[in-house]
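Me: I have a structure here that is new to me, and I would like to get to know it through some questions. Could you walk me through it?

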Amino acid sequence: MLPDQRSVFPWFLPRRPVPRLGAAVVLCGLLAACAGLSRDGEGYEEPWQPLAEGHLLPLEGEGNGVSDLLYELLVGEIAGHQGELQVAVEHYLRAAQRTRNPEVAERATRIALFAGDPAAALPGAERWLALEPENLEARQILAALLVNEGRPDAAAPHLLTVLERVEAVEGDGYGLLVNMLARSQNGDAALEALALVAESRGDDSLAYLAVAGLALQQDRPLTAVAAAERALTLDDGLREAHVLRARALGQAGDQASSLRAMGDLVARYPEDVDLRVTYARLLLQSERYEDARRQFERVARERPGDADLLYTLGLLNIEVEQYEDAQRYLERVLQTGRRVQEARYYLGRIAEAGGDPERAIRFYAQVNRGEHRDESVIRAALLKGGGGQLAQARADLSALRDRLDEPGERVRVYLAEAGLLRDARDYEAGMDLLHQGLREYPGNPELLYSRALMAERLDRIDQVEADLNLILAQDPDNAAALNALGYTLADRTDRHEEAYGYIRRAYAQRPDDAAVIDSMGWVLYRLGRLDEAEVYLRRAHDMMEDSEIASNLAALLWAQGRRDEALGILRKALERDPAHERLLRLKERLDP
């Protein structure tokens with residue numbers, strides 16, 4: 001049958017581009033270069049100001065040390081101005097070793113990071129921290145660079161110092177470490193470094209909780225399970241560790257243990273609404289929609305005005321086909337004043353599924369922004385077209401296409417309008433529209449496929465074959481085009497062996513596709529292999545209630561002399577789809 005149709009440590013990069021000096025580089029501007037970057041990372045857009053007299057700290061070198069320093073800085077700045085960042089890095093690193101001014105080392109480090117050279121940034125960060133040991137940012141950058149180089153033993157003491165400093169001001173030290181290490185390119189070293197920090201903290205359950213959280217983010221669920229269990233041996237009342245363990249079990253593929261653990265936890269702390277929400281989300285991920293719905297409904301009684309929760313319940317009830325409950329929850333979403341656009345869209349879908357197109361159109365018309373706006377226009381237009389308002393539907397789709405810029409979205413609207421015209425049996429207008437679309441997007445396979453379907457309705461088999469072959473020239477294994485071409489040749493020509501070749505290739509890719517199975521049955525029928533054909537056509541008919549499949553099976557049974565069964569299938573299909581052209585033609589032939 002013919003079926004329708006992102007550098008290494010990006011979080012440490014300067015927040016603004018490395019500044020470039022004007023062409024007139026003078027000595028005072030050169031000395032000011034070290035002040036061009038403030039310690040908080042700001043100042044890149046500000047004009048560089050000369051340093052105050054005596055700002056540079058005593059040099060390590062003697063004799064011509066100042067001259068050597070100025071030379072390195074001068075060459076580094078000129079190189080940077082010319083975009084030669086690697087040369088700038090080399091000279092700034094040498095300058096950093098010739099002065100005890102930490103700002104030179106800081107700048108060397110940042111330029112190296114901006115140049116994407118962490119190996120060069122490492123000695124810069126080491127020099128920066130040696131000159132300014134209380135600078136927490138320098139220590140963080142050095143720790144991250146060491147982790148990236150696969151040196152967790154060297155990074156761990158710096159991480160521990162950062163942790164203690166943050167905790168001293170009542171900050172979330174573990175959270176900072178996890179956020180920092182989660183971005184490392186060396187996940188194994190990051191985990192090992194944090195584990196070393198945890199070991200140095202003794203019996204601190206929160207340390208192992210942090211290891212579990214990082215392991216989960218690094219997609220190492222078994223490590224996360226072990227770390228969470230270690231945290232729980234130290235503090236069984238640590239709910240976050242229970243939750244992390246359950247999530248990690250699920251991520252490791254043990255969904256049953258994950259859900260059992262979360263269910264036990266919810267039973268242990270029934271008053272913990274957030275815990276119940278987490279459990280419900282895990283149930284959702286496991287596609288246990290009814291169980292998830294019951295958990296969310298309990299939460300909704302505690303949070304009756306939570307728009308996100310009500311919205312989730314609305315979608316869940318749609319999933320389990322409880323449309324009245326879904327409508328009730330989505331109407332409550334509207335009352336909250338939040339997620340209004342999404343709620344209106346799904347209320348329209350419910351009305352459409354319930355056979356109330358006018359109500360559906362009213363809801364769709366109210367979706368005037370958000371991700372569902374364009375889809376609402378398309379669905380409303382299709383409903384209008386199906387209700388006899390073809391001109392208005394086409395005008396709505398044309399207006400939508402005119403305000404869209406993205407080619408894929410414009411093609412989608414072309415396809416929707418073509419489908420509308422095909423349903424209305426205005427095939428000539430459909431061909432004109434698809435000609436227009438293909439002039440705008442030559443060779444687009446979706447438009448070509450749609451035009452082939454339209455041409456088939458007009459008995460333009462040469463056009464069908466040409467368009468489908470254009471698709472196959474781009475994608476020789478396109479199963480949809482192979483199937484459509486094979487079916488058309490089997491149904492409308494005497495090139496049955498050629499058709500069989502195309503359908504066999506489609507069937508090899510999609511052996512469980514009812515449309516392809518039907519095509520295989522039909523081409524076998526046309527080849528006179530009726531017993532083989534029956535196997536495929538009955539299988540397709542059992543898989544999908546489709547009028548064309550029913551007509552093919554009925555025709556086969558009639559040819560086998562099983563006329564009563566053939567007429568029974570035909571009449572039942574006509575009750576479902578009384579205006580189907582192929583069914584009507586078959587009825588006229590078999591049962592005038």
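Me: Are tyrosine 345 and tyrosine 364 buried or exposed?
Reply: Happy to start there, with a predicted model numbered from 1 along each chain as its sequence is written, where local features need pLDDT of at least 70, side-chain atom pairs count only at pLDDT 80 or more, and totals for chains, interfaces and linings use all residues. Side-chain values use heavy atoms, with hydrogens and water left out. Buried means under 20% relative accessible area, exposed over 50%, and partly exposed in between, using a 1.4 Å probe and protein chains only. By that scale, tyrosine 345 and tyrosine 364 are both buried.

Me: How many aromatic pairs are there, and what kind do tyrosine 345 and tyrosine 364 form?
Reply: Rings of Phe, Tyr and Trp (its six-membered ring) pair if their centres lie within 6.5 Å; planes under 30 degrees apart count as stacked, over 60 as edge-to-face and the rest as tilted. The count by this rule is five aromatic pairs. Tyrosine 345 and tyrosine 364 sit 6.1 Å apart, centre to centre, with 45 degrees between the planes, and their pair is tilted.

Me: Which helices hold the two tyrosines of that pair?
Reply: Helices (H or I, at least four residues) and strands (E, at least two) are DSSP runs, numbered from the N terminus. The pair links distant parts of the chain, as its members are 19 residues apart. Tyrosine 345 belongs to helix 18 (residues 340-353) and tyrosine 364 to helix 19 (residues 357-365).

Me: Which residues do ring pairs link into a cluster?
Reply: Tyrosine 345 and tyrosine 364 are joined as a tilted pair. Ring pairs link them into a cluster whose members are Tyr311, Tyr345, Tyr346 and Tyr364.

Me: Why is helix 18 described as largely enclosed by the rest of the structure?
Reply: Among its buried residues are Val340, Leu347 and Ile350. What covers the buried residues includes helix 16 (307-319), helix 17 (323-336), helix 19 and helix 20 (373-386), where contact means heavy atoms within 4.5 Å. Helix 18 is largely enclosed because the number of its 14 residues that are buried is ten.

Me: What span should helix 27 have at 1.5 Å a residue?
Reply: The expected span of a helix is 1.5 Å times one less than its number of residues. Helix 27 covers residues 496-509, which is 14 residues, and its end C-alpha atoms are 20 Å apart.

Me: How wide an arc do the buried residues of helix 27 cover around the axis?
Reply: The buried residues of helix 27 are His496, Ala499, Tyr500, Tyr502, Ile503, Ala506 and Tyr507. The arc is that of the directions from the helix axis to the C-beta atoms. These residues are on the same side of helix 27, because their arc is only 165 degrees.

Me: Which residues are exposed on the other side of helix 27?
Reply: The cover over its buried residues includes helix 25 (461-474), helix 26 (479-492), helix 28 (514-526) and helix 29 (530-543). On the other side of helix 27, the exposed residues are Glu497, Arg504 and Ala508.

Me: Which side chain makes a polar contact with the side chain of serine 519?
Reply: Serine 519 is part of helix 28, and it counts as buried because its relative accessibility is 0%. A polar contact is a pair of N or O atoms within 3.5 Å; within protein, one must be able to donate a hydrogen and the other to accept it, and residues adjacent in sequence count only if both atoms are side-chain atoms. At 2.6 Å, the partner is the side chain of asparagine 483.

Me: What is the length of the polar contact between the side chains of glutamine 251 and aspartate 219?
Reply: Glutamine 251 is in helix 12 (residues 239-251) and is partly exposed, at 38% relative accessible area. Leaving aside neighbours within four places in sequence, glutamine 251 is in contact with Leu216, Asp219 and Pro221. Its side chain and that of aspartate 219 are joined by a polar contact of 2.9 Å.

Me: How many helices and strands does the protein chain have?
Reply: Of the 592 residues in the protein chain, 51% are buried. Its secondary structure comes to 32 helices and zero strands.
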